[in-house]
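Thank you all for making the time this morning. I would like to walk you through one model, so please have a look at the sequence and the structure before I go on.

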Amino acid sequence: MKGTYKSKIVLLGDNRVGKTSLVRRYVDQTFSDSYKATIGANIKKKVMNYEDRGIVLNMLIVDLIGQQGFRNTQKRNMKDAKGALIVCDLTRPNSLESIESYWIPILNEVLGDAPSMIFMANKSDLVDMEEEHLKAYRAELLSLSEKYSTKFFFTSAKTGENVEQSFYDLGLLSLNQEPAIYHLREMYHVDEGISPIEVLDLFKAQLYLELGGEEFVNSILQTQLPKTGIDINQHPKPEQLYKLNERIKEIELSFLGDKVSNKYYMKRKGILAKMNTG
Ligand code: G3D
Ligand code: MG
């Protein structure tokens with residue numbers, strides 16, 4: 001079992017339960033409330049060292065958009081995952097119900113019957129565990145985790161409680177799954193008839209995978225999106241996405257040169273060609 005491995009894991013859970021914050025806490029050791037809502041998916045890489053076992057795990061962490069109704073984007077991003085951290089919010093009981101009614105079914109559709117999962121009941125810093133209504137929440141969480149033979153942790157992206165532990169444990173579980181050969185660039189299959197929001201998601205994934213550096217990619221998007229008229233709280237319009245492609249090309253040209261920037265531009269054109277504009 002000693003050696004170097006790769007895994008992709010996904011974070012699932014309703015909007016605003018804290019997925020993006022948990023990844024930030026884990027990968028960057030920060031908690032900040034000064035960033036924008038997730039567009040499509042965030043992708044980060046982390047090298048995990050299981051020194052006692054002689055294992056190095058290169059982990060690709062994909063944090064999904066939480067809004068229900070973005071099923072295709074969600075499903076595409078779950079593909080090939082070796083495990084999922086399923087997050088609910090201790091201050092919002094609804095988010096716990098969604099685990100069983102929405103997130104596990106969609107995960108089963110993509111990954112089959114027995115995906116590796118760990119539940120995270122997040123924002124523990126905001127609640128008092130002894131409170132009466134939390135006892136019911138806790139009991140429900142316990143029965144859910146028994147039903148799916150899954151561990152759960154009370155976590156906080158703010159204080160860091162159990163964050164490291166959750167990722168660590170899921171990393172180990174992910175190694176028990178069938179090995180996958182990852183070709184990062186092929187991980188984002190483009191189907192015919194994708195929606196504009198999926199195009200934006202794919203542009204973002206491409207930037208991450210080809211340029212790297214989340215801060216860098218986000219800074220590009222944060223400056224360019226407003227210039228194309230795209231508002232991340234609304235669905236983008238096709239013409240705005242064409243404009244975005246031109247703008248990204250100009251930026252890439254300045255540091256990648258003609259040949260490479262043109263290659264990436266043409267790839268994005270290929271994605272745009274599959275957009276459903278109706
Ligand atoms: P999401 O990615 O699941 O949609 P975010 O969730 O990570 O964007 O978090 C949603 C909000 O919850 C953010 O608040 C974030 O700061 C807050 N949050 C996330 N995790 C915790 C936590 O463990 N404790 C506390 N106290 N807050 C948390 P704002 O208001 O900044 O948008
Ligand atoms: Mg998010």
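In which loop is Lys-123 found? Lys-123 is found in the loop between β5 (117-122) and α4 (132-147), where helices (H or I, at least four residues) and strands (E, at least two) are DSSP runs numbered from the N terminus. Before I say more, please keep in mind that this is a predicted model, in which local features need pLDDT of at least 70 and side-chain atom pairs count only at pLDDT 80 or more, while totals for chains, interfaces and linings use all residues. Residues are numbered from 1 along each chain as its sequence is written, chains are lettered from A and ligands numbered from 1 in the order in which they are written, and side-chain values use heavy atoms, with hydrogens and water left out.

Coming back to Lys-123, this residue has a positive phi of about 75° although it is not a glycine, and one of its polar side-chain atoms lies 3.1 Å from an oxygen atom of ligand 1; a polar contact here is a pair of N or O atoms within 3.5 Å.

A second residue with a positive phi, near 60°, is Asn-162, which is not a glycine either, and Asn-162 sits in the loop between β6 (151-155) and α5 (163-175).

Let me finish with the helix packing. Helix α6 (residues 196-211) and helix α8 (residues 238-273) pack at about 15°, with their axes 8 Å apart, the axes being lines fitted to C-alpha atoms over the stretch in contact and the angles running from 0 to 180 degrees between N-to-C directions. α6 and α8 are therefore roughly parallel to each other, a term for angles under 35 degrees. By contrast, the axes of helix α2 (residues 71-78) and helix α3 (residues 93-111) come within 9 Å and cross at roughly 55°.

Methods: Polar contact = N/O pair within 3.5 Å; in protein donor to acceptor, adjacent residues only side chain to side chain. Parallel < 35°, antiparallel > 145°, perpendicular 65-115°, else oblique.
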